[in-house]
Structure formats: structure tokens, C-alpha cells
Amino acid sequence: MHDGVSFPDSLQQLDEIFKNDKIDIGGHICSIYATTASKFKNEIADYIRDEYQPDVILVIDLVGKRVSFRRGDESLVNLGELAQKLGAGGGHSFAAGGVIT
């Protein structure tokens, strides 16, 4: 839990957001690509970034109960701040992650 918001609550918020093609994250209009994986998470994120060029990539590991955030080459979203706001953890502007509680 971070700032009174649990990660499952944050995921519920993301479900609503993903219904749209693009979303506003901190003033940046972004495309998001999300998938699940328990192995090869970095390789999958790299493939998604190179193949689809989204602004933000989420790789959710349901087995390890972790989430990884990566951003596209042209994106300006600070993923460390995004991860903190979602209650998942933290990181750097280009990559972040955390635990699903």
C-alpha cells in the first residue's frame, strides 16, 4: 500500500484507463501495452518496445507477484513516479517496478 492506495485498487483504475486507446499520464498523452509473463520479462518488454513502439509497457508477473514498467524511446513519462503513484514500488524514469500486493 502506498499513499492509501493498494495495488489491486490501482489495477482496477488501470482497467478503466485501458478501455481508451490513449491516456494522459502526468500531462503526456500515451499509448500503453500490457502483458503478463513470468520469465524473460526484459526480453518481452524489449520486443514490445521495438515491435509496437508504445509509450509505456507493463509486464505483469502473476506468479512472482511483480510488475515491471518500461517506456518507449520517445516517451517522456517518468516511470519511477508512475510506479510510486500506483503503489507498486519505484525506479527510474525509463524503468521501474514493484510488488503486487
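**A helix across a mixed sheet**

Start with helix α2 (residues 41–52), which lies across β3, β4 (56–61) and β5 and runs at about 150° to β4. Axes here are lines fitted to C-alpha atoms, for helices over the stretch in contact, with angles from 0 to 180 degrees between N-to-C directions. This is a predicted model, where local features need pLDDT of at least 70 and side-chain atom pairs count only at pLDDT 80 or more, while totals for chains, interfaces and linings use all residues. Residues are numbered from 1 along each chain as its sequence is written, and side-chain values use heavy atoms, leaving out hydrogens and water.

Now for the sheet under discussion. Five strands make up an open sheet with mixed pairing, in the order β3-β4-β5-β7-β6. Strands pair if DSSP finds at least two bridges between them. At the edges sit β3 (32–36) and β6 (89–91), each pairing on one side only. On average, neighbouring strands of this sheet are turned by 15° against each other, direction ignored. Look next at β5 (residues 66–71) and β7 (residues 95–99): they run antiparallel, joined by five bridges. There, Arg 66 stands opposite Val 99 in β7.

Stepping back, the chain has three helices and seven strands, which from the N terminus run α-β-β-β-α-β-β-α-β-β. These are DSSP runs: helices are H or I with at least four residues, strands E with at least two. Of the chain's 101 residues, 37% count as buried, meaning under 20% relative accessible area (1.4 Å probe, protein chains only). As for contacts (heavy atoms within 4.5 Å), residues 24 or more positions apart account for 40% of those with a separation of 6 or more.

Notes: Buried < 20%, exposed > 50% of the residue type's maximum accessible area, 1.4 Å probe, protein only.
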